[in-house]
Amino acid sequence: MTTLTSATDTLTRDALAVLQPGFTGTTAPDWVLRRVDEGLASVALFGRNVQTPEQVTALTAQLRAEREDLLVAIDEEGGDVTRLEVRTGSSFPGNLALGYVDDVDLTRAVAQELGRRLAECGVNLNWAPSADVNSNPDNPIIGVRAFGSDTGLVARHTAAYIQGLQASGVAACTKHFPGHGDTAIDSHHAMPRIDVDLETLHARELVPFRAAIEAGSKCVMSAHILLPALDPDRPGTVSPRILTGLLREELGYDGLIVTDAVEMRAIAGTYGIERGSVLAIAAGADALCVGGGLEDDGTVLRLRDALVAAVRSGELPEERLADAAARVRALASWTRSAKETGPEPGAAAQEGTAPGTGTGSDVGLVAARRAVRVTGSAAPLTTPAHVASFTSESNIAVGDETPWGVAVELDRLVPGTESGMYGGDTEDPAAAVARAAGERPVVVVVRDAHRHAWMGEALDALVALRPDTVVVEMGLPQAPARGALHIATHGAARVCGRAAAEVIVKGTAGPTA
């Protein structure tokens, strides 16, 4: 049962202020507007809230008619994780592509252009970048979302991304503290555990976060990960040792700490969302992300009332909740000031730092083209091909709404291109592809072939049948290069597909890897 509270009650307003909820619809529901009036200081947008940039702009204007300094957050990493372009694929390659190019000016320019587009739509907090060091190539949730597996590379590109994004007036949220890269479990489904010593954590996981803090990241997102070397009992999101002791006191971070989504199973399945939320604020978090899966008023009221009850029972110090709410409002104030005054003095992302920068630029496509790695040789494609997509289940962060591959872009360049999808349950996928292709050239598209044994077996069988097969790897390129021509795009964004299609049509005389 919901506790009845006064809309003007300070405690209630503070409890609402620390929530970052999502909602359903492309306009703001009445309940969201009511809660904003009662003290809600943030909302989150997901793919379900997006139709067009113009519609998002109208939505954020509707919200800000209730509260001018409202934080509007989104999970817009670019690359495989996009919300603004959820139905078309992103105009920007993701972190792995940028890390592969290893040009910090390019990374800065991509982030600045992405931030400019977010700011135009009224979004002022982006849950990006991922500062995870992808040290486990079998990681099911990070992969191409990381800049790479080298700590120094990840650190310098994390800093450049933050500088570029915040130069456009959009607050960066560096994630997933203290590092999600060495996990073999997706925290959407269960509690990951990283069993490494403190020396390794400081030398690997924490280095990019130190760089993020030095670069001025306005926000850091916690991870639902158990790291026994830091805290044997509680995962990062609800650990005072990790959020307060390590992030605040040891690393000296003074910005906003937001949790990863509290409805993820690692928290919801262990503590429940109400208790998990109370523990997170008590541990040092300032804001609670909720709404990827739960997007209703009842959830907001449950969390609000759990926080209020915890303060009244003495479990959660009132000063801690007040401090958290104050940090949320301080970030909102910064975003409002940044919008009014433009980039901060000394902002590192400047016009001309990389080819294609500036308003309306194609810097994302420029970056995607530079991120292509080609092995082998093939003649230019001049006749329509059969594009076979070997598919597996997408992780929750990426989702299954966003299209990927090369078929659409290849058909634009060579009209008449056909395509088909083949999964692990397809009987003899190599033979099925060969039959469907007939006399047409064959192009096979995969993501993370190294993590799916059936893909590797099918590729080997197909190349034996059709040695001229072109293979496009749009995930982590860990598997051996197969096919007459092998193209690694380092991500599955729309622009990565276009870059690969251009190589196929142009052809190549030899390896460029």
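1. A word on conventions. This is a predicted model, in which local features need pLDDT of at least 70 and side-chain atom pairs count only at pLDDT 80 or more, while totals for chains, interfaces and linings use all residues. Residues are numbered from 1 along each chain as its sequence is written, and side-chain values use heavy atoms, with hydrogens and water left out.

2. The parallel sheet. Six strands make an open sheet in the order β2-β3-β4-β5-β6-β7, and their pairing is parallel. Helices (H or I, at least four residues) and strands (E, at least two) are DSSP runs numbered from the N terminus, and two strands pair if DSSP finds at least two bridges between them. The edges are taken by β2 (42–45) and β7 (256–259), each of which pairs on one side only. Inside the order, β5 and β6 (residues 219–222) are joined in the parallel sense by 3 bridges, and Cys-173 has Cys-219 in β6 as its bridge partner. Helix α3 (residues 53–64) packs on this sheet, touching β2 and β3 (71–74), and its direction makes about 165° with that of β2. Contact here means heavy atoms within 4.5 Å; axes are lines fitted to C-alpha atoms, for helices over the stretch in contact, and angles run from 0 to 180 degrees between N-to-C directions.

3. The mixed sheet. A further open sheet has 6 strands in the order β9-β14-β13-β12-β10-β11, this time with mixed pairing. Its edge strands, β9 (373–376) and β11 (418–422), have a single partner strand each, so one side of each is left without a neighbour in the sheet. On average, neighbouring strands are turned by 20° against each other, direction ignored. Strands β10 (residues 386–390) and β11 run parallel and are joined by 5 bridges; Ala-388 finds its bridge partner in β11 at Gly-420.

4. Helix α16 (residues 453–465) lies across β10, β11, β12 (442–446) and β13 (470–473), running at about 165° to β12. Its 13 residues should span 18 Å at 1.5 Å a residue, and the end C-alpha atoms are 19 Å apart, which agrees; the expected span is 1.5 Å times one less than the number of residues. Trp-454, Met-455, Gly-456, Ala-458, Leu-459 and Leu-462 of α16 are buried, where buried means under 20% relative accessible area, exposed over 50% and partly exposed in between (1.4 Å probe, protein chains only). These buried residues pack against β10, β11, α15 (429–437), β12 and β13. In α15, the buried set is Pro-429, Ala-430, Ala-431, Ala-432, Val-433 and Ala-437, and its packing partners are β10, β11, β12 and α16. Just after α15, Gly-438 takes a positive phi of about 60°.

5. The α5/α13 pair. Helices α5 (residues 104–120) and α13 (residues 363–370) pack at an angle of about 145°, their axes 9 Å apart. On the α5 side, Leu-106, Ala-109, Val-110 and Glu-113 meet Val-363, Ala-367 and Arg-370 of α13. By class, the contact holds 5 nonpolar, no polar and 2 charged residues (Ala, Val, Leu, Ile, Met, Phe, Trp, Tyr, Cys and Pro count as nonpolar, Asp, Glu, Lys and Arg as charged, and the others, Gly among them, as polar).

6. Helix α10. This helix (residues 273–283) is mostly covered, with 8 of its 11 residues buried. Among them are Ile-273, Val-278, Leu-279 and Ile-281. The cover includes α8 (240–250), β7, α9 (265–268), β8 (288–290), α11 (297–313) and α12 (318–341).

7. Two loop residues to look at. Pro-129, in the loop between β4 (125–126) and α6 (151–167), is buried, with a relative accessible area of 1%. Leaving aside neighbours within four places in sequence, its contacts include Asn-95, Phe-147, Tyr-161 and Cys-173. Asp-182 sits in the loop between β5 (171–177) and α7 (198–215) and is partly exposed, at 22% relative accessible area. Not counting residues up to four places away in sequence, Asp-182 touches residues including Asn-136, Ile-194, Arg-204 and Glu-205.
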